[in-house]
Amino acid sequence: MAKWGKVLDGARASNQLPGARSGAASGAMIMKSVSIFLASGRRASNNSKAAGATERGTLSTSQSGASTSADPTKKRRKKPKPPMEDASGKINPKLVESLKKKTHFSKVELEALCRIYKKLVTNCHVTSRVLAANNPGSIIAKPHATIEGIDRAVFRELLHSTFDIVTEETLMERIFCAWDIGFEGMPLRLEGWIVGLSIFLRGTQAEKVAFCFRVYDLNSDGFITRDEMFILLRNCLIKQPQDEDPDEGVRDLVEIALRKFDHDKDGKVSFQDFSTAVTEEPLLLEAFGQCLPSESATISFLSTLQA
């Protein structure tokens, strides 16, 4: 967050944002009530009414062909995804080839990532059993018990210890939820885990812009609002004991940020606003908190995949 000192000239010295690794434990409870809205698609029905006995023959004919033409989703059912391992216990080459088309990883790297995923899921199972033993009958002890994947606890530890992501609770939760599009808040499945890592480590500028925007859009409504900026910036501010009203400094920064990002002047930041601002000034990509790894952490992790 030190980049704000270079980009936002109007920020007061006492309200400078700290480095990406500064702690913000005091803001950890602010977002406990933030809801994550999952978009659900709606299908429009186009049923036509039969009018008269003479049209019944035509109607029955059209209905007989409905399974092949009226509903293309039924005709083109998705093929089941290949299992991670084949009968011999090796990483399934068909799965690797499928993931290679969707990511920026090589075959060797994908095979290594599949093995890492398997170990992380095993850790999740061990953690769940320990929690269940310590909290018998607790719902919290068995989150998504029937869904295999990387859970929040293992994911956060990985980001902290492997990728040097040191941030507060709100942002860490948003990174987890934004990782796998369409499955917000659920344990990370193999494909979602690897596709997310591809963006996280080797994403294009456009992919990283989209990812950071999803993280900062706390309620997933397509905009970063004043309230969301306030929450994000408040958690990142250096706390000054002598400040009688630290929130006033946060509000000042929100207004400065809006002047930088809000190109259409509607009082909130759309994806187009965010993308335009980052294109003009790349330092603004992580303006509201760290959600991408450092270059050294990226190089270190990728080197382990070649072993």
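This is a predicted model: local features need pLDDT of at least 70, side-chain atom pairs count only at pLDDT 80 or more; totals for chains, interfaces and linings use all residues.

Biologist: Why is Asp164 called partly exposed?

Modeller: Its relative accessible area is 26%. Buried means under 20% and exposed means over 50%, so Asp164, at 26%, counts as partly exposed.

Biologist: What makes the phi of Asp164 worth a mention?

Modeller: Phi there is near 60°, a positive value in a residue other than glycine. The spot is just after α7.

Biologist: Where is Ser220, and what is its phi?

Modeller: Ser220 sits in the loop between α10 (205–216) and β1 (223–224). Its phi is positive, about 55°, although Ser220 is not a glycine.

Biologist: And why is Ser220 called partly exposed?

Modeller: Because its relative accessible area, 32%, falls between the 20% and 50% cut-offs.

Biologist: Back to the α7–α8 loop. Why is Glu168 called buried?

Modeller: Glu168 is in that loop, and its relative accessibility is 5%. The cut-off is under 20%, so Glu168 counts as buried.

Biologist: What makes the pairing of Glu168 with Asn235 a polar contact?

Modeller: The two side chains come to 3.2 Å, and the limit for such a pair of N or O atoms is 3.5 Å. Glu168 also has a side-chain polar atom 2.7 Å from the backbone nitrogen of Thr170.

Biologist: Which residue caps the N-terminal end of α7?

Modeller: Asp151 does, with a side-chain oxygen 3.3 Å from the backbone nitrogen of Ala153. Within α7 (residues 152–162), the buried residues are Val154, Phe155, Arg156, Leu158 and Leu159.

Biologist: Are Cys212 and Cys114 buried or exposed?

Modeller: Cys212 has 0% relative accessibility and counts as buried. Cys114 is also at 0%, under the 20% cut-off, so Cys114 counts as buried too.

Biologist: How do you know that α12 has close to its expected span?

Modeller: Helix α12 (residues 246–261) has 16 residues, and at 1.5 Å a residue the expected span is 22 Å. From first C-alpha to last, α12 reaches 23 Å, which is close to that. Its buried residues are Gly249, Val250, Leu253, Val254, Ile256, Ala257, Leu258 and Phe261.

Biologist: Where does UniProt put the EF-hand domain?

Modeller: An unreviewed UniProt entry places the feature at residues 204–239 and 249–284. Residues 249–284 are 64% helix and 6% strand, with end C-alpha atoms 19 Å apart.

Biologist: How many helices and strands are in the chain?

Modeller: There are 14 helices and two strands. Of the 307 residues, 37% are buried.

Biologist: What is the mean pLDDT of the chain?

Modeller: The mean is 74, and 61% of the residues reach 70 or more. Over residues 5–76 the pLDDT is below 50, though beyond near neighbours in sequence this stretch has 76 contacts in the model. Residues 138–145 are also below 50, with eight such contacts.

How values were computed:
Residues are numbered from 1 along each chain as its sequence is written. Side-chain values use heavy atoms; hydrogens and water are left out. UniProt positions are given in the numbering used here, feature names are shortened, and annotations may be inferred rather than shown by experiment. Helices (H or I, at least four residues) and strands (E, at least two) are DSSP runs, numbered from the N terminus. Buried means under 20% relative accessible area, exposed over 50%, partly exposed in between (1.4 Å probe, protein chains only). A polar contact is a pair of N or O atoms within 3.5 Å; within protein, one must be able to donate a hydrogen and the other to accept it, and residues adjacent in sequence count only if both atoms are side-chain atoms. pLDDT is the predictor's confidence in each residue, from 0 to 100. Contact means heavy atoms within 4.5 Å. The expected span of a helix is 1.5 Å times one less than its number of residues.
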